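I opened this notebook to record what I looked up in one chain, entry by entry. The sequence and the structure come first.

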Amino acid sequence: MTPPRCRRPVLFLLAALLGAGAHAEVVPPAPPADGDDDSPVAPEVSECGDPSLIRGTPFPLSHVAAARLENRDVTILVLGTASTAGRAGPTSPTLSYPVRMEYWLEARWGDRRVHVVNLARPGQTAAQQIEKLPEALATYHPELLVWQTGTVDAIRGVDINEFGDAIEHGLQYAENAAADTLLIDAQYGSEAFVLYDAGPYLGYLRQIAMGRRAALFPRFEIMRRWVEQGLLDLDPADAESQRRVADRIHDCLGRYLADMIDRASR
């Protein structure tokens, strides 16, 4: 099935993806003020579709598992582009899927705290994303690196081998810092697939993940199934509907990520 041509979201997201922020400092966004709760009402589980895609046996997240076994808090460092930063799609960055992932993990794990440090910035290629990764790993000492990548590389036509080298280097940085890695691929129906040839980047990311025994969250395939099952409309009629769809997507992705992390760290 060819990804639908969602022109309004495409133009909005393309501007955000290629916007400023490619060389941002290693400083996480400020957290919401106390009492400022913008969390959406969570959709019913059935609205997120069948989670079987992420219920296989991913490669284990051994450092997260060790923290859970020792009853320690878990720190998760997040890299990504506009959608991961909450700058393209959701009503607010506080509704982005990394924030929802944190919420659903804490809901699963009870009184164990989860600390998500979101360093995602719009417009960054994989090579730009890892420029300050060693510094960030040394600063935050995460048990897990969640890394969404590949879309901007496709948009900019980055050489596929340079893309692969950046992924390999990033995985090695995380391994050297005793952190697990969970890679996230592109989103289905995004401008990268409508306007550019992102397929090779999607395949190469999967190939590297398998070769390095790194967990991979199949965002592209999950969203493709949502569209095919009629659970997701990528071309809503108006801006308000577009925001509601985006909030729902991010909440469901957060649920699925929490489920995958939980299962891989038992």
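**Entry 1, ground rules.** I am working with a predicted model, in which local features need pLDDT of at least 70 and side-chain atom pairs count only at pLDDT 80 or more, while totals for chains, interfaces and linings use all residues. Residues are numbered from 1 along each chain as its sequence is written, and side-chain values use heavy atoms, with hydrogens and water left out.

I looked up the secondary structure and noted twelve helices and five strands, taken as DSSP runs numbered from the N terminus (helices are H or I with at least four residues, strands are E with at least two). Of the 266 residues in the chain, 53% are buried; here buried means under 20% relative accessible area, exposed means over 50%, and partly exposed lies in between (1.4 Å probe, protein chains only). I also looked up the contacts (heavy atoms within 4.5 Å), and among those with a separation of 6 or more, 84% are between residues 24 or more positions apart.

Two packed helices are described by the angle between their axes and the distance between the axes. I take axes as lines fitted to C-alpha atoms, for helices over the stretch in contact, with angles running from 0 to 180 degrees between N-to-C directions. The axes of helix H4 (residues 97-109) and H12 come within 7 Å and cross at roughly 50 degrees, which makes H4 oblique to H12. For the wording of angles, under 35 degrees counts as roughly parallel, over 145 as roughly antiparallel, 65 to 115 as roughly perpendicular, and the rest as oblique. The crossing of H4 and H12 is right-handed, in the sense that the near helix is turned clockwise from the far one by less than a right angle, anticlockwise being left-handed. H4 contributes residues including Trp104, Leu105, Arg108 and Trp109, and H12 contributes, among them, Leu257, Ala258, Ile261 and Asp262. By class, I noted nine nonpolar, two polar and six charged residues in the contact of H4 with H12, where Ala, Val, Leu, Ile, Met, Phe, Trp, Tyr, Cys and Pro count as nonpolar, Asp, Glu, Lys and Arg as charged, and the others, Gly among them, as polar.

Is Asp262 buried or exposed? At 4% relative accessibility, Asp262 counts as buried, and its place is in helix H12. Leaving out residues up to four places away in sequence, Asp262 touches Arg68, Leu105, Arg108 and Trp109.

I then turned to helix H8 (residues 160-176), whose axis comes within 10 Å of that of helix H6 (residues 133-140), the two crossing at roughly 20 degrees. H6 and H8 are therefore roughly parallel to each other, and H6 passes H8 in a right-handed crossing. Leu133, Pro134 and Leu137 of H6 meet Gly170, Tyr173 and Ala174 of H8, which I sorted as five nonpolar, one polar and no charged residues. H8 also packs with H10, at an angle of about 35 degrees and with the axes 10 Å apart, and H8 passes H10 in a right-handed crossing. The residues of that contact include Phe163, Ile167 and Leu171 of H8 and Tyr201, Tyr204 and Ile208 of H10; by class, the contact of H8 with H10 has nine nonpolar, three polar and three charged residues.

How many disulfides does a search of the whole structure find? The search finds one, a disulfide being a pair of cysteine sulfur atoms within 2.5 Å. Cys48 is joined to Cys252, S to S 2.1 Å, and the torsion about their S-S bond is about -85 degrees, so the disulfide is left-handed. Cys48 sits in the loop between helix H1 (7-17) and helix H2 (62-69), Cys252 in helix H12 (residues 239-264), and the pair, 204 residues apart, links distant parts of the chain. Cys48 and Cys252 are buried.

Most residues other than glycine have a negative phi. His141, not a glycine, has a positive phi of about 50 degrees, and lies in the loop between H6 and strand E3 (144-148). Arg213, likewise not a glycine, has a positive phi of about 55 degrees, and its place is in the loop between helix H10 (199-212) and strand E5 (215-217). His141 counts as exposed at 57% relative accessibility, and Arg213 is exposed with a relative accessible area of 57%. Arg263 and Pro60 are 203 residues apart in sequence and 8.4 Å apart in space, C-alpha to C-alpha.
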